[in-house]
Amino acid sequence: MAGTLTDKWVESIGYGGKYFVNESGHVISIKSNHKNILLKPIMRSGYLCYGLYKGKKNLKVNVHRLVATYFIEKIVFFISMKKIYKNK
């Protein structure tokens, strides 16, 4: 089931405010007052991904990375702690 507009949506950083992500992994593209929920094609590797445009470049972004980046705060803490302990 696609995400609804009442779900929590977070702006995807670095794409000029064109894309919003929810914690279910759905992405909305906002172009000239039109909101479209994007489809998730499956890559050859088996992962779900989106083709997001940054300028004129189409970048393939995995769904699990988008959700982790914007909704899982513990990952950032874990990675930063791992770097601190590794540099000792």
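**Note on the predicted model**

1. D7 is partly exposed, because its relative accessible area is 31%, a value that falls between the 20% limit for buried and the 50% limit for exposed residues. The structure discussed here is a predicted model. D7 belongs to the segment that precedes β1, the strand formed by residues 9-11. Although D7 and E23 are 16 residues apart along the chain, their C-alpha atoms are separated by 8.3 Å.

2. On confidence, the chain has a mean pLDDT of 79, and 75% of its residues reach 70 or more. Among the elements of the chain, β2 has the highest mean pLDDT, at 91. The lowest, 59, belongs to helix α2, residues 73-86.

3. As to overall composition, the chain contains two helices and six strands. Along the sequence these elements follow the pattern β-β-β-β-β-β-α-α. The chain has 88 residues, of which 24% are buried. Of the contacts between residues at least 6 apart in sequence, 30% join residues at least 24 apart.

4. Four strands form an open sheet in the order β1-β2-β3-β4, and their pairing is antiparallel. The edges are β1 and β4 (34-37), each of which pairs on one side only. From one strand to the next, the twist averages 30°.

5. Within this sheet, β1 and β2 (residues 19-22) are joined in the antiparallel sense over three bridges. W9 stands opposite N22 of β2. Helix α1, residues 63-71, packs on the sheet and touches β1, β2 and β3 (27-31). The direction of α1 makes about 85° with that of β2.

6. Which residues form the aromatic pair with centres 5.7 Å apart? A search of the whole structure finds one aromatic pair. The partners are Y15 and Y19, with ring centres 5.7 Å apart and planes at 85°, so the pair is edge-to-face. The angle lies over the 60 degrees required for that class.

7. Are the two tyrosines, Y15 and Y19, buried or exposed? Y15 counts as buried because its relative accessibility is 12%, and Y19 is buried with a relative accessible area of 3%. Both assignments rest on the limit of 20%, since buried means a relative accessible area under that value.

8. The surroundings of Y15 deserve a separate point. Y15 lies in the loop between β1 and β2. Leaving aside residues up to four places away in sequence, Y15 touches L52, Y53, K54, L59 and V61. One of these contacts, K54, also lies over the face of the Y15 ring, at 5.5 Å from the ring centre.

Terms used
Residues numbered from 1 in each chain as written. Predicted model: local features only at pLDDT ≥ 70, side-chain atom pairs only at ≥ 80, totals over all residues. Heavy atoms only, no water. Buried < 20%, exposed > 50% of the residue type's maximum accessible area, 1.4 Å probe, protein only. Pairing = 2+ DSSP bridges. Axes fitted to C-alpha atoms, helices over the stretch in contact; angles between N-to-C directions. Contact = heavy atoms within 4.5 Å. pLDDT = per-residue confidence, 0-100. Phe/Tyr/Trp six-rings, centres within 6.5 Å; stacked < 30°, edge-to-face > 60°. Lys NZ or Arg CZ within 6 Å of the ring centre and 35° of its normal.
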